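Here is a short tour of the structure shown below.

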Amino acid sequence: MTGLPDIRDLVPHAGRMVLLDRVLEVDEYSLTAEVTICFDSVFCDGQKVGAWVGIEYMAQAIAAFAGARARKHGEPVKLGFLLGTRRYTTSQPHFMVGDTLRITVREELQGENGLASFDCAIKSDSIDVKAALTVFQPADPEAYLEGQEA
């Protein structure tokens, strides 16, 4: 895909809760995004962000992937849900201010019922994080939240 859109146009998040800075690449099955940790980044204590926030970076990269796919088909960006994380491993307990992280998500499984599984990684010169995330995107998120969709 050329002319990558602003990540804020691909995720259902708003304001400071958009944790990623930009999309670097996207194709039919994967997306790579980037974030540079700043002293005023959400969840930063002024020096570092706990590596546990990597799960949210991965989840937002998956949301951006779903948003890019939706836009490609002329559909709106929709809300989705993180159901679980498996095998989260990290080489560092923190991401330090100044670290630039590349977050890559690759779709491994997509069911017709909205369930999907992604292999995810966060990389920098000294950081290596991996996990598998399971997500759910209902056909109609508003109806789902109101309990009108099983």
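Let's begin with a pair of strands: strand 2 (residues 30–36) and strand 6 (residues 100–110) run antiparallel and are joined by 7 bridges. Please keep in mind that this is a predicted model. Within this pairing, Ser30 has Arg106 of strand 6 as its bridge partner, and Val35 stands opposite Leu101 in strand 6.

Strand 6 also pairs with strand 7, again in the antiparallel sense, over 8 bridges. One of the residues to look for here is Thr104, whose bridge partner in strand 7 is Ala121. Strand 6 and strand 7 form a hairpin with 4 residues between them. In the turn you will find Gly114, which has a positive phi of about 95 degrees.

Now zoom out. These strands belong to an open sheet of 6 strands, with antiparallel pairing and the order 1-2-6-7-8-4. Which strands stand at the edges? They are strand 1 (22–26) and strand 4 (81–90); each has a single partner strand, so one side of each is left without a neighbour in the sheet. From one strand to the next, the twist averages 20 degrees.

Helix 1 (residues 54–72) lies across strand 1, strand 2, strand 4, strand 6, strand 7 (115–123) and strand 8 (128–136). Relative to strand 6, helix 1 runs at about 60 degrees.

In soluble globular proteins, nonpolar side chains tend to be buried together. In this model, the largest nonpolar core holds 39 residues, and the members that touch the most others are Leu31, Tyr57, Phe95, Leu101 and Ile103. At least two residues of this core come from each of strand 1, strand 2, helix 1, strand 6, strand 7 and strand 8. Helix 1 makes the largest contribution, with 9 residues.

Leaving aside neighbours within four places in sequence, Leu31 is in contact with Val23, Glu25 and Val26, with Ala61, Ala64 and Phe65, and with Ile103, Thr104 and Val105.

Ser30 lies in strand 2. Is Ser30 buried or exposed? Its relative accessibility is 14%, so Ser30 counts as buried, the cut-off for buried being under 20%. Apart from neighbours within four places in sequence, the contacts of Ser30 are Glu25, Phe65, Val105 and Arg106.

Ser41 lies in the loop between strand 2 and strand 3 (48–50). With a relative accessibility of 17%, Ser41 counts as buried. Leaving aside neighbours within four places in sequence, Ser41 is in contact with Arg16 and Thr36.

## Backbone details and exposed positions

Phe43 has a positive phi of about 80 degrees although it is not a glycine. Phe43 sits in the loop between strand 2 and strand 3, and is partly exposed, with a relative accessible area of 40%. Arg87, in strand 4, is not a glycine either, yet has a positive phi of about 55 degrees. Arg87 is exposed, with a relative accessible area of 56%.

Glu142 belongs to helix 2 (residues 141–145). At 59% relative accessibility, Glu142 counts as exposed. Glu142 and Leu79 are 63 residues apart along the chain, and their C-alpha atoms are separated by 8.5 Å.

## The largest pocket

Finally, turn the model to find the largest pocket, which holds about 600 Å³ of space. Its lining is made of 33 residues, and those nearest its centre are Ala66, Gly80, Val135, Phe136 and Gln137.

Which elements supply at least two residues of the lining of the largest pocket? They are helix 1, strand 4, strand 6, strand 7 and strand 8.

Notes: Residues numbered from 1 in each chain as written. Predicted model: local features only at pLDDT ≥ 70, side-chain atom pairs only at ≥ 80, totals over all residues. Heavy atoms only, no water. Pairing = 2+ DSSP bridges. Axes fitted to C-alpha atoms, helices over the stretch in contact; angles between N-to-C directions. Contact = heavy atoms within 4.5 Å. Core = buried A, V, L, I, M, F, W, Y, C linked by side-chain atoms within 4.5 Å. Buried < 20%, exposed > 50% of the residue type's maximum accessible area, 1.4 Å probe, protein only. 1 Å grid on protein atoms, 1.4 Å probe; cavity = no way out; pocket = protein on both sides within 12 Å on 5 of 7 lines; lining within 4 Å. Points joined across faces, edges and corners; volume = space filled by probe spheres on them.
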